[in-house]
Amino acid sequence: METTARTSLGRRLDTRTARVCVVGQGYVGLSLAAAAAVEGFHVTGIDVDAERVAALAGGELVVPGVEEALFVQAAESGRLGFGSDYDPVATADVVVICVPTPVHEHRPDLSMVESAGRAVGERLRRGALVILESTTYPGTTEQVLRPLLERPRFRAGQQFWLAFSPERIDPGNVKYGLRTTPRVVGGIDEASTELAAAFYSTVVDDVNPVSGCRTAEMAKLLENTFRMVNIALVNELSALCAEQGIDTWEVIEAAATKPFGFMPFHPGPGVGGHCIPLDPTYLAWQSRRDTGRPFRLVELAQDINAEMPAYVARRIGDALGDRGVPLPRAEVMALGVTYKPDVGDLRESAAVKTLEMLAAKGARIRYHDPFVPRLQTDVLRLRRTPLTAANLEAADAVVVLTPHSQYDLDALTRRAGFVFDARNALRRRGDDRVVTL
Ligand SMILES: NC(=O)c1ccc[n+]([C@@H]2O[C@H](COP(=O)([O-])OP(=O)(O)OC[C@H]3O[C@@H](n4cnc5c(N)ncnc54)[C@H](O)[C@@H]3O)[C@@H](O)[C@H]2O)c1
């Protein structure tokens, strides 16, 4: 069966007659489903969230961050449908699983991959290709997902194909989107890799096959761990520079003039979002589980980054103290609270943690963020403060935490008495009203 089925799926991919199911209609799954539909495939987006499915089916883009023009084009093509049940899997040629893989108490939670895998496995047909996109530790595709898909006389590599391809999308990045971000693809065997690569080649310009699923799974963790560790490095360096009276940002700029062997990373209140702080945990957890050893660099970097909100809050408190305003009497106005500029995502936001630390020390907090009308955490219950000159002037400290590109920071901070710039967004040197992290 193998060669004929392989050729036949290859042909259906080439001619866009293959039917595609994308399980999980979040940021990752919906972006892929829409792109595949625009490319000519008939796609069903499956999600357990019935409300989300109903809204998407009604043409309402309820998933933040997904490119609106792409969604509209896909909806207008008539080739993108949505549903809560898994029945379309029974007739699908390609099934891509994009469900969340959160971390709870330093342990990966694969329960959603497992329930999706079970539901797909009950319906999967002969000759289909299954791809996992959820971020996870090496071995998940083969050891966790594969057994859920197999049944007697229905084996991966024989009756169906199986691969892993990590999603690398960078929310808010206007330069690199789904099509222009290169893909890594690794299957359980050569045919799986080849077919998965053929599928992604329809929606992504540059597809890079690797020797297996575990390589692809590990590549994703390396990418995000590399980023997290380097951010920890500059965060620790910035504390040392501050004590030594050296401008960290100038140091980084200077180092970055070296055209090889150096890549600039920048300090800040910590790492946020649901990828960089969490993905390296998979590595740390797997190392302890399988070797009994800690993955030292990951754990150390996580500790350093986790200390940053307290460090930034302390620096703000010290700077206010130097100006004769004790933190418990200070009013702090924060600019930007999401985890990074130009996205509306508050998950793991280090800016929010910094504000919680300041509030815990008695400061009165106000904030503005174009994406966040209300900020509700265990500690903070705030409504957005309008960006009026009076509000900015009234603050004892204007704190730049997340410099969204729509902020005209020079204008906003012109009349502020004191500005703490946690991101070097103002690039202001020699202005004693401004302290930079
Ligand atoms: N968002 C990103 O920037 C990004 C980038 C790279 C990788 N990832 C990874 O991709 C995966 C998905 O992330 P996301 O941001 O799209 O998640 P998300 O939380 O935005 O959406 C996931 C969707 O899956 C649905 N779901 C949960 N269990 C399901 C099930 N059993 N069957 C069907 N649907 C189910 C949820 O209802 C939700 O709509 C995660 O592993 C994440 O780590 C995300």
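Biologist: What should I know about the model before I start?

Modeller: The model is predicted, so local features need pLDDT of at least 70, side-chain atom pairs count only at pLDDT 80 or more, and totals for chains, interfaces and linings use all residues. Residues are numbered from 1 along each chain as its sequence is written, and side-chain values use heavy atoms, with hydrogens and water left out.

Biologist: Let's begin with the ligand. Which residues come nearest?

Modeller: A residue is near a molecule or strand if one of its heavy atoms lies within 4 Å of it. Here 27 residues are around the ligand, and Val28, Asp47, Arg52, Tyr86 and Thr101 come nearest.

Biologist: What kinds of residue make up that shell?

Modeller: For sorting, Ala, Val, Leu, Ile, Met, Phe, Trp, Tyr, Cys and Pro count as nonpolar, Asp, Glu, Lys and Arg as charged, and the others, Gly among them, as polar. The shell around the ligand has 14 nonpolar, eight polar and five charged residues.

Biologist: Which backbone atoms lie by the ligand's oxygen atoms?

Modeller: A polar contact is a pair of N or O atoms within 3.5 Å; within protein, one must be able to donate a hydrogen and the other to accept it, and residues adjacent in sequence count only if both atoms are side-chain atoms. A backbone N or O atom of Tyr27 is 3.1 Å from a ligand oxygen atom, and for Val99 the distance from a backbone N or O atom to a ligand oxygen atom is 3.5 Å. A polar backbone atom of Val48 lies 3.4 Å from a nitrogen atom of the ligand.

Biologist: How much of the ligand does the protein bury?

Modeller: Accessible areas come from the Shrake-Rupley method with a 1.4 Å probe; for residues, only the protein chains shown count as cover. The ligand taken alone exposes 830 Å², and the protein buries 89% of that. Helices (H or I, at least four residues) and strands (E, at least two) are DSSP runs, numbered from the N terminus. The elements giving two or more residues to the shell are α2 (27–38) and α5 (111–121), and α5 has the largest share, three residues.

Biologist: Gly24 is in the loop between β1 (19–23) and α2. Is Gly24 buried or exposed?

Modeller: Buried means under 20% relative accessible area, exposed over 50%, and partly exposed in between (1.4 Å probe, protein chains only). Gly24 counts as buried because its relative accessibility is 7%. Contact means heavy atoms within 4.5 Å. Not counting residues up to four places away in sequence, Gly24 touches Gly29, Leu30, Ile46, Asp47, Cys98 and Val99.

Biologist: How do I read a strand such as β15 (residues 397–400)?

Modeller: Check its two faces, then its partners. Ala397 and Val399 point one way from β15, Val398 and Val400 point the other way, and all are buried. Two strands pair if DSSP finds at least two bridges between them. Strand β11 (residues 331–335) pairs with β15 in the parallel sense over four bridges, with Leu335 opposite Val400. Strand β16 (residues 419–421) also runs parallel to β15, joined by three bridges, and Val419 in β16 stands opposite Val398.

Biologist: And the helix α12 (350–360): what do its buried residues pack against?

Modeller: An α-helix has 3.6 residues a turn, so residues three or four places apart point the same way. In α12 the buried residues are Ala350, Ala351, Val352, Thr354, Leu355 and Leu358. They pack against α11 (296–322), β11, β12 (364–368) and β13 (374–376). Ser349 caps the N-terminal end of α12, with a side-chain oxygen 3.3 Å from the backbone nitrogen of Ala351.

Biologist: Where is Lys340, and what does its side chain contact?

Modeller: Lys340 is in the loop between β11 and α12. Its side chain makes a polar contact of 2.5 Å with the side chain of Asp170.

Biologist: Last one: which backbone angles deserve a second look?

Modeller: Most residues other than glycine have a negative phi, and most peptide bonds are trans. Glu105, not a glycine, has a positive phi of about 50 degrees, and His106 has a positive phi near 65 degrees. Glu105 counts as exposed because its relative accessibility is 74%, and His106 counts as exposed because its value is 64%.
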